[in-house]
Amino acid sequence: MLTRDLVLTALFAAIIVVLGLLPPIMLGFIPVPITAQSLGVMLAGVVLGAKRGTIAVLLVLLLAAIGLPVLSGGRGGLGVFAAPTTGYLIGWVAAAFVTGFLSERLVRREQTGLVQGAGFFVSALMGGVVVLYAFGIVYLALVTGMGFSKAFLGSLAFIPGDALKAVVAALAGRAVMVGYPLLPQRA
Amino acid sequence: MRTLYVSGDSLLHRISPRVKLVGLAALSVVLFASRSPTLLGTLCVASAATYLLLRLPLHESWQRLRPVLLTIVIVGLFTLVADSAPQAGIFVLRLTSLMLLAAAVTATTSISDFMGEITALAMPFERIGLLKAADIGLAVGLVVRFVPEVLARYQAVRDAHHARGLKPRMLTTAVPMIILTLRNADEIASAIDARGLRRQK
């Protein structure tokens, strides 16, 4: 890994940590608060691509595991990996990878802005919602023994917020690509 | 950044970090393999006792344990309604024990001890050429170093919004924050290479 790629992943990990420090937002039509940290996971894939994005997310989880309060709400320590929602944390890694993998393949420089935005949106939705919830729901179902359909039902309230984040990630991904392109240079 | 490590001289502080981590992993296997309420109940009481041995102030313990405890209780109640009482009980005992033990390990193991273990764990991967163990420490150090800087950048972008009478939104703040932060990557990388920290071309 080049030093530059190492630095980029570390800087992005810092961005994900800072997004977790922002206060959660309440939107009227969604019953649960929205944190910006999982937006950071989608952004890691969209901006840095599969390899570097995945490493950035792994770094954040590593910092949390060794006892730094880097997760949203000041959470950290090995205890956060003993929560019923730990599947979502593990899923972050896969989410960043899938988002990055699809972004690298769907989005190219010569495409029009609309196509690029759509490509980023599909990538973020597949990685940050479909894959992420697959991990989260399977873990929740196994750890509680409540069964998949009930675990799915229990997670339903969070999906609109994350779908909304995929839109933000797509728009931000395109804006960063225009302002400071990193995606085409694959690490 | 404040760490969750608390310096002290308790028994758990003195045990080697490797023993603590392996013990935690072994106990988590036991916790998830067992369905016996007596065993799980005993382990839960033992975990709580272990945590109490640290003698953290009650208020601080509550601050630390609250987020995970809250999700365990909420999901426990959901399981109670959606499934059955024994199932919910087993789940709550299991995760509460694991969470208390994990929190105890976190509170008694310093960041440098953790990094030592992680570097040792990464050594086999270095031997097969997958990664450089020393890079992990470098990357962790970089993140800790740059979080305050990125936060300051976020605040500057937010202030710029306020100065222009705009409401700071996730999209309009995230984009400048990301671009401004990542633009420094080349300089930082050159600085690292100039110091020969990674010993490579």
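Of the 187 residues of chain A, 62% count as buried. Buried here means that 20 or more other C-beta atoms lie within 10 Å of the residue's own; exposed means 12 or fewer, partly exposed is in between, and C-beta atoms are placed from the backbone.

Before going on, the ground rules. This is a predicted model, in which local features need pLDDT of at least 70 and side-chain atom pairs count only at pLDDT 80 or more, while totals for chains, interfaces and linings use all residues. Residues are numbered from 1 along each chain as its sequence is written, and chains are lettered from A and ligands numbered from 1 in the order in which they are written.

On confidence: the predictor gives the complex an ipTM of 0.88 and a pTM of 0.90. For chain B the mean pLDDT (the predictor's confidence in each residue, from 0 to 100) is 90, with 99% of its residues at 70 or more.

Now chain A. Chain A has seven helices and zero strands. Helices (H or I, at least four residues) and strands (E, at least two) are DSSP runs, numbered from the N terminus. The C-alpha trace of chain A spans about 50 × 35 × 30 Å along its principal axes. Its radius of gyration is 16 Å, which agrees with the value near 16 Å for a compact globule of 187 residues; the radius is taken over C-alpha atoms, and the globule rule is 2.2 Å times the number of residues to the power 0.38.

Contacts next: two residues are in contact if their C-beta atoms, placed from the backbone, lie within 7 Å. Among contacts in chain A with a separation of 6 or more, 74% are between residues 24 or more positions apart.

How many residues of chain A are in contact with chain B? There are 51, and they meet 55 residues of chain B. H1(A) gives the most to that side of chain A, with 14 residues. By type, the side divides into 36 nonpolar, twelve polar and three charged residues. Nonpolar covers Ala, Val, Leu, Ile, Met, Phe, Trp, Tyr, Cys and Pro; charged covers Asp, Glu, Lys and Arg; the others, Gly among them, are polar.

Staying with H1(A), 17 of its 19 residues are buried. From first C-alpha to last, H1(A) reaches 27 Å, close to the 27 Å expected (1.5 Å times one less than its number of residues).

Last, chain B. Its domain assignment, automatic or from a database, gives domain 1 (11-109) and domain 2 (119-194). The centres of these two domains of chain B, taken over C-alpha atoms, are 33 Å apart.
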